[in-house]
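Trainee: I'd like to learn how to read a protein model. Could you walk me through it, feature by feature?

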Amino acid sequence: MNTLVEKKQRDSNFELLRIIAMFMIVMSHLTQHGIWFSPDAEISNQFLLAHLFQMWSGQLGNWIFILISGYFVCTSKFSWKKVFALWFQIFSISATIGLITYFSKVKVIGFYNPNYTQLGFFESAKPATKKDLIRCLLPCYFGNNWFAVAYLVFYLFVPFLNHFS
């Protein structure tokens, strides 16, 4: 018996758009939380312009991902197996990072540190607490990894989207 398995062909335009969106999101994270963030940094007009563009581009990158996901998900078949797989991926990554940072006592920012903006990253970093560990073990409840959790909730609405599309 010779059966042909249909392979989904990727559309290179969507792939290119996804790559651009990823780049925009990474650059946004670098400006907001990374190498360019410092309370002591001298703010020039060029720095301010680059910073504003990169913050704005991260939001645009997130919107692009949601639109691409919505485009493909609305025509796909809903599966509880996919819901569980996505939840398990969110949980296992968060729990692993939480356990490693808690037991190794690596200095991290934590989930809530009001002094972060005044002191900067290295001055406000502290070892993970039990509260941080609990938040890592319950990522969907506490809204950690907000984009992945929002995508999981979005995916739960797929049967309704399929019904009305």
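Trainee: Let's start with the nonpolar patch: which helix gives the largest share of it?

Mentor: That's H9, with 3 residues. A helix here is a DSSP run of H or I with at least four residues, a strand is a run of E with at least two, and both are numbered from the N terminus. A patch is made of residues with over 30% relative accessible area and no salt bridge; nonpolar side chains (Val, Leu, Ile, Met, Phe, Trp, Tyr) are joined within 5 Å, like charges within 9 Å. One caution before we go on: this is a predicted model, where local features need pLDDT of at least 70 and side-chain atom pairs count only at pLDDT 80 or more, while totals for chains, interfaces and linings use all residues. Residues are numbered from 1 along each chain as its sequence is written, and side-chain values use heavy atoms, with hydrogens and water left out.

Trainee: Which residues form the nonpolar patch on the surface?

Mentor: Look for Trp80, Val153, Leu156, Phe157, Phe160, Leu161 and Phe164; together they have about 770 Å² of accessible area. Helix H8 (146-156) and helix H9 (158-164) are the elements giving two or more residues to this patch. The areas come from the Shrake-Rupley method with a 1.4 Å probe, and for residues only the protein chains shown count as cover.

Trainee: Take Val153: where does it lie? And how exposed is Val153?

Mentor: Val153 sits in helix H8, and it's partly exposed, at a relative accessible area of 40%. The scale goes like this: under 20% is buried, over 50% is exposed, and partly exposed is in between (1.4 Å probe, protein chains only).

Trainee: What about the whole protein, how much of it counts as buried?

Mentor: Of its 165 residues, 28% do. The protein exposes about 12,500 Å², and carbon and sulfur atoms supply 68% of that. As for secondary structure, there are 9 helices and 2 strands, running α-α-α-β-α-α-β-α-α-α-α from the N terminus.

Trainee: Now the rings. How is a pair of aromatic rings described?

Mentor: By the distance of the centres and the angle of the planes. Rings of Phe, Tyr and Trp (its six-membered ring) pair if their centres lie within 6.5 Å; planes under 30 degrees apart are stacked, over 60 edge-to-face, and the rest tilted. A search of the whole structure turns up 14 aromatic pairs. One of them joins Phe14 and Phe72, edge-to-face, with 5.1 Å from centre to centre and 75° between the planes. Phe14 is in helix H1 (residues 12-33) and Phe72 in helix H2 (residues 45-73), so this pair ties together parts 58 residues apart in sequence. Phe14 is partly exposed at 22% relative accessibility, and Phe72 is partly exposed too, at 41%.

Trainee: Last one: which residues does Ser28 contact?

Mentor: Contact means heavy atoms within 4.5 Å. Setting aside neighbours within four places in sequence, Ser28 is in contact with Gln54, Met55 and Gly58. Ser28 is found in helix H1 and is buried, at 6% relative accessible area. In helix H2 you'll find Ser69, also buried, at 16%. Not counting residues up to four places away in sequence, Ser69 touches Tyr151 and Phe154.

Key. Salt bridge = Lys/Arg side-chain N within 4 Å of Asp/Glu carboxyl O.
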